Amino acid sequence: EEARKRLEMAAREKARLTPMDYYAKFLNELRTGVRKSDKGVIASPRTIINYQQGYNRLGDFQKYLGEPITWEMINRDFLSRYIQFLQSSRRGLDAYNTNTCAKRIKEVKHIIRSARQDGVTTCEVPDFRFGEVAVDSIYLSWDELNRIASADLSDLSKGHEIARDLFLVGCYCGQRVSDYASITSDQIHTDPDGRVYISIVQKKTGARVEIPAMRGLREILAKYHNELPTLSDQKINAYIKEVAKVAGIDEVIEYTSTKGGRAHTLKSPKYELITSHTARRTAATLMYLAGENSLNILKITGHSSDKMLQKYIRSTAHDNARMMARKSSYWD
């Protein structure tokens, strides 16, 4: 009888959780490791930050609505209004672009699925799709990488040199910054044939990948005695732009950004668009242009599917034509 009462009380407590209550509980469980990611591993710091941002924005929307959000409220119309709020001109520079809105919608839908699994609500997940826009993203050519590697950084700080080296490691191995910026000697091994490899268990997915270490990567590892220095993602992003500017990576790039529900065509020198994630995109693209097949590239980058990988490959029409001409006598 006592056990039955405890179960009934627990059920009533669950039923009283609002979406914001449950979201806060969900976040706390991610932080403490009680709740694992979809792949059954401890959530990465980046995943937790993303969900925290989603929680904050949903809280902002609740204030805008002037009433508590309930499970029953979250339908197609609700999500459409949420997007309008996120993209509203009243948010000024904080207005979200299309891709970030898509991320916020995915998070809300995931929270509903989790709440259903936990028995908190029986409400259905809205059949609502808000597609991500493929923003024109950049990659660096081998010539540009060599210019960055040989750039004279004597007028910049030691941090700039470290950021340059870590960025190049990312370009040489194709991993996320959370993985490539913390390589240590115990991850490096040499085969009997003398080939050096790096083994990494990716923090985000738990996937184990093994990367052949090309000469440029081996040189950087040797420089730091196989123990790479650490630097925050934010500092890498800030410093690598200045390094690339010194290296003359200043081609004017035209790209599209969607904010406030409107697409804007913008222009910037290429160095301003470089981030730590450009390294991973560069590696995937250069492997593709070298003629590697998608399966081999997937085994290096750890992407879950060829569809996901294709989002990272940024070859131009001319790049693709050159690759085809080199690979087949058909074009001779």
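A residue is termed buried when its relative accessible area is under 20%, exposed when over 50%, and partly exposed in between (1.4 Å probe, protein chains only). The structure is a predicted model, in which local features need pLDDT of at least 70 and side-chain atom pairs count only at pLDDT 80 or more, whereas totals for chains, interfaces and linings use all residues. Residues are numbered from 1 along each chain as its sequence is written, and side-chain values use heavy atoms, with hydrogens and water left out.

Thr278 lies in helix H11 (residues 276-289); helices (H or I, at least four residues) and strands (E, at least two) are DSSP runs numbered from the N terminus. Thr278 counts as buried because its relative accessibility is 0%. Contacts, defined by heavy atoms within 4.5 Å, link Thr278 to Ile138, Tyr139, Leu140, Phe167 and Leu273, when residues up to four places away in sequence are not counted. The C-alpha atoms of Thr278 and Arg176 are 9.7 Å apart, with a sequence separation of 102 residues.

Strand S2 (residues 196-201) has five of its six residues buried. Strands are taken as paired if DSSP finds at least two bridges between them. S2 runs antiparallel to strand S1 (residues 188-190), with three bridges joining the two; His189 has Tyr197 as its bridge partner in S2. Five residues separate S1 and S2 in their hairpin, and Gly194 in the turn has a positive phi of about 90°. S2 is also joined to strand S3 (residues 208-212), in antiparallel orientation, by five bridges, and Ile198 stands opposite Ile211 in S3. The hairpin of S2 and S3 has six residues between the strands, and Gly206 there adopts a positive phi near 80°.
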